[in-house]
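User: I would like to learn how to read the features of a model with several chains. Please take them one at a time, with the general idea ahead of the case.

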Amino acid sequence: MEELLQSIIGESWILYVLLAAPPLVFILVYALVTVWTEMKVSAHMQDRLAYMYTGPHGILQPVADILKLLQKEDTVPAAADKPLFIMAPYLVFIGTYAGFAALPFSSAYIGSDINLGAFYIIAVSSIVVVGLLMAGWASNNKWSIFGAMRSAAQIVSYEIPTALALLVAVMITGSLNLQDVIRFQEGGILNWVVFGGPLPVVQKLLLLPFTVTAFLIMFIAGVAEVNRTPFDLPEAESELVQGYNTEYSGMKFAIFYLAEYANMYLVSGVAACLFLGGWSSPFGDFMSGPLWGVFWIVAKGYFFVFLQIWIRWTLPRLRVDQLMYTSWKVLIPFLFVCLFGVGLILVL
Amino acid sequence: MTAQEIYDNLKAKFGDAVGEAKLDALQPWIAISETRTREICQFLRDEPTFAFDYLSCLSGMDYPDGKLGVVYHLFSMTHRHKIVLRTMCTREHPHIQSVSAVWGTANWHEREAYDMFGIVFDEHPDLRRILCGDDYPGYPLRKDFKVPEFYNGMKVPY
Amino acid sequence: MKESRTLPTDYVSSPERTSSGRTLRTDEMILNMGPQHPSTHGVLRLELVVDGEIVVDVIPHIGYLHRCFEKHAEHMTNYQQVIPYADRMDYLSSMCNDWAYALAVEKLLKIEIPERVQYIRLIMAELQRIASHLIAVGTYAIDMGAFTPFLWCFRDRERILDLFEMTCGARLLYNYIWVGGVSHDLPPRFVEKTKDFCRDFRKTLKEVHDVLSYNEIFIKRTANVGVLPKDVAINYACSGPMLRGSGVDWDLRRDDPYGIYDRFEWAVQIGKGEAGTVGDCWDRYMVRMREMEESTKLIEQAVASIPEGNVQSAIPKRIRPEAGEVYVRSESPRGELGFYIVSDGTASPYRVKARAPAFVNLSVLSEISRGAMVADLVAIVGSVDIVLGEVDR
C-alpha cells in the first residue's frame, strides 16, 4: 500500500498522514463499537437489557456518550500540576496509538513495516506507564497516587511475561517482523504458531504444549497490561475510587478510556499475529487475500476483546501482592520452561 | 443463676458498693456504685460461676429525679443467664468508672453515652463524641436539653 | 476535644537501609477513606494510617447519618408512632426493626399476639433477612470487583420487595409490623407468590455459589483476611453473622426465643473455616449465604401452615404501659437488635435506646484490620455488613 500511495502522491507529508490515518479511524470506530459491546455483553450476563432507546438496541448510545463527554466542562483541580495533568491522557493514548504503527491489518497494509515490529510494540506501549504515573502524580490526590503506583508496578511486571511469550513465537517463526511472522503461518489453521507452526508433525506435537501455554500466558499478561479485571487494580473502583483517573472528567477521561479500549485491541492483535496467524485465513487459500485479511485479523483480535469483556464481568479482582505473585512466581517460570523446551525442540 | 443469688454474692463480696436492687421486676436489676463499676464488672466477667462475658447493651439514662445513670445489660454465653446493672451519678459531677477495659464493646457505647448525656467515663481510653459533631453544644438526650437556635450558622428548628 | 492518634504499641516503623548504607526514612500516610467512598457502604469515614499499602491503623468516624432516633422516640405522643422511625434505622431490614420494637413494647404491655400474626411476622422477617443478606452478598461481590453477582442478587431482592409492596404498599420502609399485630392482612395470592419465589431463589443461590463463593480469586481475597477470633468477638459483643462466622453457635432466634421459630425445622449456620481460618471474611460471607437457605426453608414451612385469624389484637389506640423497663433483643439480619424501653406510665416512652448490631459490630473493625492491606480493608468492611442508618441512628 505504501508503494501504491507513493506512486500516486509522491514523497510528501500527505503520504504519511494517509498511512497513519487508518489505525486512528479504526481505533475510533472500534472504540464506539466496543463500548456498545461491553455494555450489552455485561447487561445480558446480568439479566439486564442495557441501552434500548437511542436507536435500535441502543446502537447510537456510544455516539451520544461521546457528544456528552465533549460538552462536559473540562475541570482541572486547583491543586493539580496543570501541564502534567493535561498532558497525561494524551501521552497514554500516544503510547497505545504508536503501538498500532507496527500492527498489521492485512497483507497489504501495515503502518510501518519495520523489522523489529513485535519488539517495537512491546517497547513503545511502555510509554503508557509514564502517562499513568503522570496522571496519578499530577492529580495531587492520594488515591490517584496509589493507582499510579500500582499501575506502574503492574505494567512493568507484566511486560516481562509478554516479552517472553513473544520470544517463544519469535523463536519458532524466526522473525520479529510481524508481517513475516504471519506469512510464516499462512496455509490454514494447523500452521498457526499456537499449533506448532508449519513444521514436521512430530516437532509440532512436541511443541504444542509449550506454544499453547505461551499463548495463554500472553493473553493473561495482555489483560493485565491493559488494566482490566481481574487485574484492574490501578483503577479498582471499590478500593481506590477510580485510581489514577479519579480527578479526570470530560474529554480527558474519555481519552483514557479510548486508550484503554485501543490497548485491549492492541494486545489482542499482537497475540493474534504471533500465535493465530494474523490476517491469514484459517482455511488456507479459501477466503484469503488483502481484504479478507482485514476481516480475519479484526475478527481474531475482536474475539479476544470479547473474551476480555467476558472475563471482566465474571471474575473478582486480585490483590496487589497476589498480582505480583502471579506474574513473577507463576507466569515467568512457566515461560522459562516454555522457552527452554521450544529451543531444545527446534535445535533437535 | 437467679438474680437473687447474683445479688447475694455481689453483696457479700463488695458490701456497700452494691446498693438497692429490684429483683421482682420484669428484668431484675442491681444498683452498683459508680466508683467501683469496673471492679465489680471484672468480677462478674471473670468469676466462672457468673461468666458474664457478653455486654449486650449499655445505655445512658437521665432519671426523673435529676440524676444521670448508666444501665448495663449483661449476659453470659456459657450459663445463659442475664442481669441488669445500674449506676447513678449526679448532674453536677457526672463521673462513672469506665468498663471498656472489661468489655471491648463498652468503648463505643460509653462514647455514645458521653455524647448524649455528658457522662464522663473515667479511665476511658478514647472519650470523644461519637455521633454528634465535635463542636455540638450540650448533650441532646438530657431531659433539660434545649435545641439551639443556630448551629454553626444554620437555623435549627424548622 | 480529645484526639487520639496513637499508633498501636506493637507497631515499629522499620527504617530500611539503602545500598549506600544510609537510612531511608519512611513515613506513614494518613488517608481519609470516606465519607464519600464507593466501598464504605454509606457515609462511614475511616481514617487510615497507611504504610504504603499496609494499613497500620484504622480510626472509624461515624455520625454523618445521625438522625436522633432516640430523641425522636421520646417526643412521640404514642408508642405506635415510633415504628416509622424504627423503620428508618436499618433501612435494609425495616421489618426486623419494627418487629424488635413491637416485641419490646408488647413485653412491657404483657399482651398475647394472635396466631396468624406470629406467622406473618416470621414470614416477613425471614423474607427481609434474605433481602438484606442479598444486598450484603451483592455489595460484597462489588467490593471484590465482581459486578455480575451483585445484579443477580438485586434481581431477586426486587421480587421480595414486590411481595412487600403487595402486602403493605411500601418497598423500603414498611411500617407494617405494629404493636399488637400487623397493619394489614396478607393480600390474596401472597402465599403462592412466596412459594414461587422460594423455588426460584434456590437457583439464584446456586448461581452465586458457582460464580462467587467458590471462585478461586474470591477465596484468595477473603480467606484468612480479617480474622476475628471467638473471644474477641464475644468481648466486643459482636452478633449475627459476625459472631457466627467466628464459630460461635449462637442465634437469638433459637437461643433467646421469640416469635414461633421453635416450631419449624432449621439450623443455625456457623463459620467452620473451610477456606482458611475460622472467623475470616469468607466465613462471614458464607454464613450469610447459608442463612439465606435456612430462611427459605423457614418461609416455606411457615407459608404452608399459616392459620386464618385476626391480624390485630385488641389493644387501645393509645397505649399506656405501666411504669417499668425492658430490654428485648431479636435477631436482625445484622445481629442482636435490642430495644431498651423505659416507661413512666404515660403514653410516650420515657427513654428508648436502640442497641444497633451494626454499631457494635463496627466497633471491632480497627481491632481486626491492623496490618491488612488497603484492599483487605475493603474486604473486611464489606464482611462486617454495616448499614450506616443503623450505626448512626
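Predicted model: local features only at pLDDT ≥ 70, side-chain atom pairs only at ≥ 80, totals over all residues.

User: How far apart are the nearest C-alpha atoms of chain A and chain B?

Analyst: Contact here requires heavy atoms within 4.5 Å. Chain A and chain B do not touch, and their nearest C-alpha atoms lie 25 Å apart.

User: How many residues of chain C are in contact with chain A, and how many of chain A with chain C?

Analyst: On the chain C side there are 34 residues, and they meet 24 residues of chain A. The area buried between chain C and chain A comes to about 2500 Å², with carbon and sulfur atoms giving 62% of it. On the chain C side, Glu53(C), Thr148(C) and Ile217(C) supply 20% of the area that chain C buries against chain A, more than any other three residues.

User: How many salt bridges does the rule find across the interface of chain C and chain A?

Analyst: A salt bridge is counted when a side-chain nitrogen of Lys or Arg is within 4 Å of a carboxyl oxygen of Asp or Glu. By that rule there are three across the interface of chain C and chain A. The side chains of Asp376(C) and Arg319(A) also form a salt bridge, at 2.8 Å from N to O.

User: Asp376(C) belongs to which buried set?

Analyst: Asp376(C) is one of the buried residues of H14(C). This helix spans residues 374-384 of chain C and is mostly covered, with 11 of its 11 residues buried. Among the others in the set are Val374(C), Leu377(C), Ile380(C), Gly382(C) and Ser383(C). Just after H14(C) comes Asp385(C), which takes a positive phi of about 55 degrees.

User: Which residue other than glycine has a phi near 60 degrees, and where is its place?

Analyst: The residue is Ala50(A), whose phi is positive and near 60 degrees. Ala50(A) sits in the loop between H2 and H3 of chain A. Its relative accessibility is 25%, so Ala50(A) counts as partly exposed.

Asn224(C) is found in the loop between helix H7 (216-222) and helix H8 (230-235) of chain C. Asn224(C) counts as partly exposed because its relative accessibility is 47%.

User: Is Gln185(A) buried or exposed, and why?

Analyst: A residue counts as buried under 20% relative accessible area. Gln185(A) counts as buried because its relative accessibility is 0%. Gln185(A) lies in helix H8 (residues 178-185) of chain A. Leaving out residues up to four places away in sequence, Gln185(A) touches several residues, including Asn191(A), Trp192(A), Val193(A), Cys273(A), Phe275(A) and Ser280(A).

User: Which residues lie nearest the centre of the largest pocket, and how many residues line it?

Analyst: The largest pocket has a volume of about 890 Å³. Its lining has 36 residues, and Val35(A), Met39(A), Phe253(A), Tyr257(A) and Tyr261(A) lie nearest its centre. Helix H2 (13-45), helix H3 (61-71) and helix H11 (250-275) of chain A are the elements that give two or more residues to this lining. H11(A) gives the most, with nine residues. By class, the lining of the largest pocket has 19 nonpolar, six polar and 11 charged residues.

User: What volume does the second largest pocket have, and which residues are closest to its centre?

Analyst: The second largest pocket holds about 660 Å³ of space. Of its 27 lining residues, those closest to the centre are Tyr136(B), Pro140(B), Phe145(B), Cys68(C) and Lys71(C). Two or more lining residues come from each of helix H3 (106-117) and strand E9 (154-155) of chain B, and helix H1 (69-74) of chain C. H1(C) provides the largest share of this lining, five residues. By class, the second largest pocket is lined by 14 nonpolar, five polar and eight charged residues.

User: How many helices and strands are there in chain B, and in what order do they run?

Analyst: Chain B has three helices and nine strands. From the N terminus on, their order is α-β-β-α-β-β-β-β-α-β-β-β. Its C-alpha atoms fill a box of roughly 55 × 30 × 25 Å along the principal axes. Of the 158 residues in chain B, 56% are buried.

Technical notes:
Residues numbered from 1 in each chain as written. Chains lettered and ligands numbered in written order. Heavy atoms only, no water. 1 Å grid on protein atoms, 1.4 Å probe; cavity = no way out; pocket = protein on both sides within 12 Å on 5 of 7 lines; lining within 4 Å. Points joined across faces, edges and corners; volume = space filled by probe spheres on them. Helix = DSSP H or I, 4+ residues; strand = E, 2+ residues; numbered from the N terminus. Nonpolar A, V, L, I, M, F, W, Y, C, P; charged D, E, K, R; others polar. Buried < 20%, exposed > 50% of the residue type's maximum accessible area, 1.4 Å probe, protein only. Buried area = accessible area lost by both parts, 1.4 Å probe.
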